[in-house]
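Subject: Structure handover

Hello,

Here is the structure for you to look through. My notes on it follow below.

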Amino acid sequence: MEHIELFFKSIFIDNMVFATFLGMCSYLAVSKKVSTAVGLGAAVIFVLAITVPLNWLLDQYILQEGALAWLGSEYADYDLSFLSFIMFIATIATMVQLVEIVVEKFSPSLYNSLGIFLPLIAVNCAILGGSLFMQSRQIETIGLAFNYGVSSGIGWFLAILAIAAIREKIRYSNVPAPLRGLGITFIITGLMAIGFMSFGGMLTGGSDASEKEDDTLQVQVIEDLERKEAKQQLAKNTTKVIK
Amino acid sequence: MAKDSKLILDPLADNNPITIQVLGICSALAITAQLKASIVMTISVLFVMGIGNVVMSLIRNIIPSKIRIIVQLTVVAALVIIVDQVLKAFSYQLSKELGAFIGLIITNCIIMGRFEAFALGNGPWRSFLDGIGNALGYGVILIIVGFFRELLGSGTLLGYQILGDPIAKTGLYSLGYENNGFMLLAPMALIVVGIIIWVQRANNPALIEEN
């Protein structure tokens with residue numbers, strides 16, 4: 001259940017492109033044709049599925065506060081979390097290089113379709129973002145970390161596929177000249193993000209999401225109450241002034 | 001000298017990293033719900049780009065081109081760690097708000113893009129100017145977007161209530177004005193940047209793209 005929830009949550013609710021704007025640069029640059037978008041999207045899923053669990057291991061056993069306890073009790077109070085950026089990016093860069101070599105050796109056809117995109121991916125913020133959000137959301141097991149990597153990759157894939165299809169069609173429409181190209185892509189992405197916001201209510205049956213909604217509701221109720229009080233006071237004051 | 005000033009002035013308008021070169025969009029959109037966060041982000045990028053460009057330009061002749069991406073990532077990551085630690089030490093609240101996005105400066109394409117496009121082929125002083133110029137160009141857009149989103153979304157600027165008090169109904173609110181909470185949500189950032197691009201290209205037709 002936990003897995004299913006995380007899966008749908010990372011694809012739709014916390015979609016990398018529409019909710020957190022990760023990987024926007026390649027999203028905008030490589031979305032002119034559906035076929036290239038599919039190639040890049042597949043490569044992103046692939047690399048996220050490898051790097052997120054790997055960085056999870058690094059985070060759990062080296063970087064977190066007290067993570068070095070397995071080395072012996074004298075290392076138990078070390079907190080290396082300030083090194084996480086450099087460790088994560090080093091893992092990503094080497095993994096991408098490694099994956100490139102392995103794929104080239106064992107599956108030349110896959111290499112031909114992914115090949116040019118792999119080096120690009122090392123600097124795609126979606127990949128580093130996946131690891132950093134994995135760290136800040138405190139994902140508990142390596143299975144969940146793998147799940148998180150794959151599902152947020154799929155979310156990214158869906159987003160770039162959709163925008164590439166729309167951009168192929170929009171070529172035949174009469175867009176105002178200054179908006180052509182980049183401008184209209186931004187606005188369409190904004191509209192798509194509004195659409196994706198409607199998925200926000202999808203998991204309200206689960207424990208986590210419903211709690212969050214309750215919180216915001218309560219805040220609203222409190223604000224309403226405050227407003228009512230303020231109004232009443234205002235009314236009192238004005239009646240006083242009139243008197 | 002005229003050429004040097006061009007390095008700084010060009011990215012502010014006609015060669016803006018966000019609206020023209022399409023670099024560094026991710027962070028530009030994610031943290032602009034408040035003006036303060038936009039300003040801090042601008043300063044952080046200014047620091048990382050200025051120093052990073054100089055470092056890359058100094059070592060450009062000794063690194064083999066095959067491993068240059070890893071070297072670049074390491075240089076940027078080291079600088080970003082400095083920024084992150086400084087923020088944590090002096091403004092913990094803000095560093096919590098910006099969260100993962102400070103880390104994402106590492107993969108901010110604007111930095112890698114300028115390394116590749118400029119610092120690897122030019123001397124340190126010119127690279128420094130180029131870095132500062134591009135970071136400022138990036139910051140201008142961030143601050144414009146942050147300004148409108150905070151003003152229209154929560155009626156404040158840098159946390160100060162500009163339009164009056166929404167609860168006591170003073171200022172503009174006494175006329176029935178309401179905050180547009182939608183501006184604080186993610187999609188509006190995209191649409192605001194889209195509108196900035198529209199205005200910019202309408203003023204300068206040379207920038208209009210082919211469909």
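**Salt bridges and their surroundings**

A:Asp14 has 23% relative accessibility and so counts as partly exposed. The cut-offs: buried is under 20% relative accessible area, exposed is over 50%, and partly exposed lies in between, with a 1.4 Å probe and protein chains only.

The model is predicted: local features need pLDDT of at least 70, side-chain atom pairs count only at pLDDT 80 or more, and totals for chains, interfaces and linings use all residues. Residues are numbered from 1 along each chain as its sequence is written, chains are lettered from A and ligands numbered from 1 in the order in which they are written, and side-chain values use heavy atoms, with hydrogens and water left out.

A:Asp14 pairs with A:Arg137 in a salt bridge, with 3.7 Å between the closest N and O atoms. A salt bridge here is a side-chain nitrogen of Lys or Arg within 4 Å of a carboxyl oxygen of Asp or Glu. A:Arg137 sits in the loop between helix 8 and helix 9 (142-170) of chain A, and A:Asp14 in the loop between helix 1 (2-13) and helix 2 (16-20) of chain A, so the pair ties together parts 123 residues apart in sequence. Helices (H or I, at least four residues) and strands (E, at least two) are DSSP runs, numbered from the N terminus. A:Arg137, at 35% relative accessibility, also counts as partly exposed.

Over all chains, the structure holds four salt bridges. One of them joins B:Arg114 to B:Asp130, with the closest N and O atoms 3.1 Å apart. This pair links distant parts of the chain: B:Arg114 is in helix 7 (residues 109-117) of chain B and B:Asp130 in helix 8 of chain B, 16 residues apart. Both B:Arg114 and B:Asp130 are buried. In chain A, salt bridges with shared partners join A:Lys9, A:Asp14 and A:Arg137 into one network.

B:Lys88 and B:Asp84 form a salt bridge too, at 3.5 Å from N to O. Both lie in helix 4 of chain B, four residues apart, about one turn of the helix. B:Lys88 is partly exposed at 37% relative accessibility, whereas B:Asp84 is buried at 9%.

**The second largest pocket**

B:Lys88 turns up again here. It is one of the residues nearest the centre of the second largest pocket, along with A:Ser84, A:Gln135, A:Ser136 and B:Lys96. The lining has 19 residues in total. Helix 5 (84-106) and helix 8 (125-136) of chain A each give two or more of them, as do helix 4 (68-90) and helix 5 (92-98) of chain B. A pocket is an open set of points on a 1 Å grid over the protein atoms alone, where a 1.4 Å probe fits, with protein on both sides within 12 Å along at least five of seven lines; lining residues have an atom within 4 Å of a point.

Chain B has nine helices and two strands. Of its 211 residues, 51% count as buried. The C-alpha trace spans about 65 × 45 × 35 Å along its principal axes.

Which residue is buried yet has no salt bridge? B:Arg149, in helix 8 (residues 124-154) of chain B. The nearest side chain of opposite charge, B:Glu150, is 9.7 Å away. Lys and Arg count as positive, Asp and Glu as negative; His and the chain ends are not counted.
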